[in-house]
Amino acid sequence: MATLLIVHHTPSPNCQALFEAVVSGATDPEIEGVRVVRAPALSATASDVLAADGYLLGTPANLGYMSGALKHFFDQVYYPCLDATRGRPFGYWVHGGNDVTGAVRGIESITKGLDWRRTAEAVTVTGEPDKQDVERCWELGATVAAGLMG
Ligand SMILES: Cc1cc2nc3c(=O)[nH]c(=O)nc-3n(C[C@H](O)[C@H](O)[C@H](O)COP(=O)(O)O)c2cc1C
């Protein structure tokens, strides 16, 4: 069975709403044969990454970049996972107040370095998520998870 690892930093109700939508999409009953594992970014390890087949990453924008928590995750796993995870599929979402550009740039840059393959459009949301934002996050989760079906 394939494993989808969702690594997220979720510090607020608005971020929680997006996270829950992503999980809901990834765990849709129509997607079979994919185990979904959730890990807060501050506790996810290189072993978690090596044991998974694909990834979903979620973060708020903080001070013009991704959260320190998601950056910490990348700092921990980058070299231990570089050789073994090349080409693996991933997707991500970013929530911010008004400008998520730096967070997006950072995630794109690091995942390019890892040679991960983005298999769904990135979702960016500012302010209170509306119905469409939640639906886009659901689609993100479902798309990356469905890509891991055997
Ligand atoms: C220290 C700090 C820095 C932040 N920097 C940014 C930023 O650079 N860009 C942005 O769009 N939002 C920024 N935000 C807003 C957060 O992204 C936002 O609070 C977070 O996504 C949670 O959303 P919520 O407050 O609407 O629940 C910042 C928030 C904090 C606390």
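Reader: What does the accessible surface of the chain come to, and how much of it belongs to carbon and sulfur atoms?
Author: Bearing in mind that this is a predicted model, the chain has an accessible surface of about 7,200 Å², and carbon and sulfur atoms account for 49% of that.

Reader: And what share of the residues counts as buried?
Author: Of the 150 residues in the chain, 49% count as buried.

Reader: Okay, what about the fold, how many helices and strands are there?
Author: The chain has five helices and seven strands, and read from the N terminus the elements follow the order β-α-β-α-β-β-α-β-α-β-β-α. The radius of gyration is 14 Å, close to the 15 Å that the globule rule gives for 150 residues, so the chain is as compact as a globular protein of that length.

Reader: Switching to the ligand, which residues come nearest?
Author: The ligand has 13 residues around it, and those that come nearest are Ser 12, Ala 61, Leu 63, Gly 64 and His 95. By class, this shell holds four nonpolar, eight polar and one charged residues.

Reader: Which polar atom of Leu 63 is involved, side-chain or backbone?
Author: A polar backbone atom of Leu 63 lies 2.8 Å from a nitrogen atom of the ligand, while for Asn 14 a polar side-chain atom is 2.8 Å from a ligand oxygen atom.

Reader: How much of the ligand does the protein bury?
Author: The ligand taken alone exposes 610 Å², and the protein buries 61% of that.

Reader: Which element gives the most to the shell?
Author: That is strand 3, with three residues.

Key. Residues are numbered from 1 along each chain as its sequence is written. This is a predicted model: local features need pLDDT of at least 70, side-chain atom pairs count only at pLDDT 80 or more; totals for chains, interfaces and linings use all residues. Side-chain values use heavy atoms; hydrogens and water are left out. A residue is near a molecule or strand if one of its heavy atoms lies within 4 Å of it. A polar contact is a pair of N or O atoms within 3.5 Å; within protein, one must be able to donate a hydrogen and the other to accept it, and residues adjacent in sequence count only if both atoms are side-chain atoms. Accessible areas come from the Shrake-Rupley method with a 1.4 Å probe; for residues, only the protein chains shown count as cover. Helices (H or I, at least four residues) and strands (E, at least two) are DSSP runs, numbered from the N terminus. Ala, Val, Leu, Ile, Met, Phe, Trp, Tyr, Cys and Pro count as nonpolar, Asp, Glu, Lys and Arg as charged, and the others, Gly among them, as polar. The radius of gyration is taken over C-alpha atoms; the globule rule is 2.2 Å times the number of residues to the power 0.38. Buried means under 20% relative accessible area, exposed over 50%, partly exposed in between (1.4 Å probe, protein chains only).
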